[in-house]
Each structure stands twice: as C-alpha cells, then as structure tokens.
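Thanks, everyone. I would like to walk through one structure this morning, starting at the ligand and then moving on to the helices and the domains.

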Amino acid sequence: MIAIENVHKQFGALHVLKGVDLSVQKGEVLSMIGGSGSGKSTMLMCINGLEGIQQGRITVDGVEVHAKATDLNKLRRRIGIVFQQWNAFPHLTVLENVTLAPRKVLGKSREEAEVIAVEQLSHVGLKEKLAVFPSRLSGGQQQRMAIARALAMSPDYMLFDEVTSALDPQLVGEVLDTMRMLSKEGMTMIVVTHEMRFAREVSDRVAFFREGRIHEIGSPDQIFENPQQPETAAFLKSI
Ligand SMILES: Nc1ncnc2c1ncn2[C@@H]1O[C@H](COP(=O)(O)OP(=O)(O)OP(=O)(O)O)[C@@H](O)[C@H]1O
C-alpha cells in the first residue's frame, strides 16, 4: 500500500502540494486528473523520492520514503516510473536498452537480463523489435519500450506521468491498451493523465487535483457522472 499523509511540497516560495492525503491499495489503479500546475506530476515525483517534501509522510508498504534511514535506491526498484518521454540510448538496440537496468541495478548476468527483457518486450508487443534501434520505433512503440524497461525490474508499483501526452493521437491507443493490460493483471498503478477515457474506463478511483490538493476523489462513475464539487464538474466541462 502507498500511504500519503498531509504532504506539503514547496519549490522555494511556490507551495505546490498543500496537504495531500491519499492511500492506494495493492492492485488498485488510481488516476490523477486536474488542471495544469495543480501538482499531479510533483505528487508522483514525491512518491518515489525523486522530490523531497517539507511536511507529512509517504510510506510504501510501511517504508517511509523520505526518512533518512531509507535506502531510496532499494525502494525505487519496487516502483517503476514511465514519463512523457524516455530518451533511450540511441546506439543500443531495443533489447540492449531494456537489459541495462536488470544488469546494472539488479546485478543480473547478460543472459539472465536478456531473458527478462525478451519476456517484457514480448509482453508489450515488441517481440519483433528486439534488434532494432530506438530511433526506428514509432512514438507509441518507444513508450511501450519504456514500459517494458520499467517492468524488467519486477516492480510492485507503476507510476505513469502523462505517458501519452507527446504522442500523435493515432498512437495513443496502443500505449493505453498496454496499460489496460497491466491493470487487468493486477498491477498497482498511479496514472497522471489527460486521457479522460482511460481514467474513466480503467481506474478504480479518480483523484481530481486542484491547487495542490485533492479536491475530490471517487469512483469513475462519481467523478464523471455525478461530481460532488462544482469545480470538478467545471474542469471536466472545460476539457
Ligand atoms: N522542479 C521544479 N522547480 C520549480 N517549480 C516546479 C518544479 N516542478 C514543478 N514546478 C511547479 O510546480 C507546479 C506544479 O507542477 P506539476 O508539474 O506538478 O503540475 P501538474 O498538475 O502535473 O501539471 P501538468 O498537467 O501541466 O503537467 C507548477 O507551477 C510548476 O511550474
């Protein structure tokens, strides 16, 4: 379980997260939606310790992310993250790119890492692309490679930060389908997204961020069909 308690985050004078409380259970898919600058991406960065916090507490299966004694590298191995864009190493093949983390971080042999990488690349539908260089992949395929790379670490949690935002519209579907597949397999996922259809169809819960707080959280049915807060309704109308 990921537990977020009264988290505050500031960048200098800019108070970006103003007391966020949230817990995400094992196997749950939580989507974070909200306007630009409402703090969604920052929240993700705080969860895996890429950003510090000024107040509050985040724990992942009881391990406090920002405690001095916490081995962040060890914790991060359990939390895969996929960003809007991942710059793969251009001189390495798709297979080589995905073997890197298991080899360097998990200390697997080349052979072991390749077995893992082939498995995960097949999983995301890129079995035919193992020997190809990343520049030859479409944007959607590159994002699926980034997902395979994160999965190669056998994470317990996956965080997605607007992974389809940089894609041409016709490539969005294949990436969302891959995420949908992971959710069906029981992966615990936190997804920052502007894809309302995905949030609606795949999430167990949807959190609407506004001005650094979770303004409303509920089932997709509640948020999209029957929002309790006028600001939630206004946001959904505006997009
Ligand atoms: N490293 C940083 N240094 C300073 N300010 C930052 C930094 N990262 C984010 N911010 C600011 O924090 C605020 C929240 O940004 P964040 O990216 O979390 O919002 P968001 O809800 O994910 O927005 P979007 O949907 O546009 O990505 C913004 O005002 C942003 O400019």
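Strand 2 (14–24) and helix 1 (40–47) each supply at least two residues of the shell around the ligand, where helices (H or I, at least four residues) and strands (E, at least two) are DSSP runs numbered from the N terminus. Helix 1 gives the most to that shell, with three residues. The residues around the ligand are F11, L14, V16, G34, S36, G37, S38, G39, K40, S41, T42 and F209, a residue being counted if its C-beta atom, placed from the backbone, lies within 6 Å of the molecule. By class, the shell around the ligand has four nonpolar, seven polar and one charged residues, with Ala, Val, Leu, Ile, Met, Phe, Trp, Tyr, Cys and Pro taken as nonpolar, Asp, Glu, Lys and Arg as charged, and the others, Gly among them, as polar.

Before going on, please keep in mind that this is a predicted model, in which local features need pLDDT of at least 70 and side-chain atom pairs count only at pLDDT 80 or more, while totals for chains, interfaces and linings use all residues. Residues are numbered from 1 along each chain as its sequence is written.

Now to the domains. The protein is divided into domain 1 (1–78 + 157–164 + 175–239) and domain 2 (85–155), with bounds that come from an automatic or database domain assignment. The centres of the two, taken over C-alpha atoms, are separated by 26 Å. Seven residues of domain 1 are in contact with nine residues of domain 2, contact meaning that the C-beta atoms of two residues, placed from the backbone, lie within 7 Å. On the side of domain 1 that touches domain 2, strand 7 (157–161) and helix 6 (169–184) are the elements that give two or more residues, and the residues of that side divide into four nonpolar, one polar and two charged.

Finally, how do helix 5 and helix 6 pack? Helix 5 (residues 139–151) and helix 6 have their axes 8 Å apart, at an angle of about 20°, the axes being lines fitted to C-alpha atoms over the stretch in contact, and angles running from 0 to 180 degrees between N-to-C directions. That makes helix 5 roughly parallel to helix 6, a label used for angles under 35 degrees. The contact is made by G139, G140, Q143, R144 and I147 of helix 5 and L171, E174, V175 and T178 of helix 6.

How values were computed: Parallel < 35°, antiparallel > 145°, perpendicular 65-115°, else oblique.
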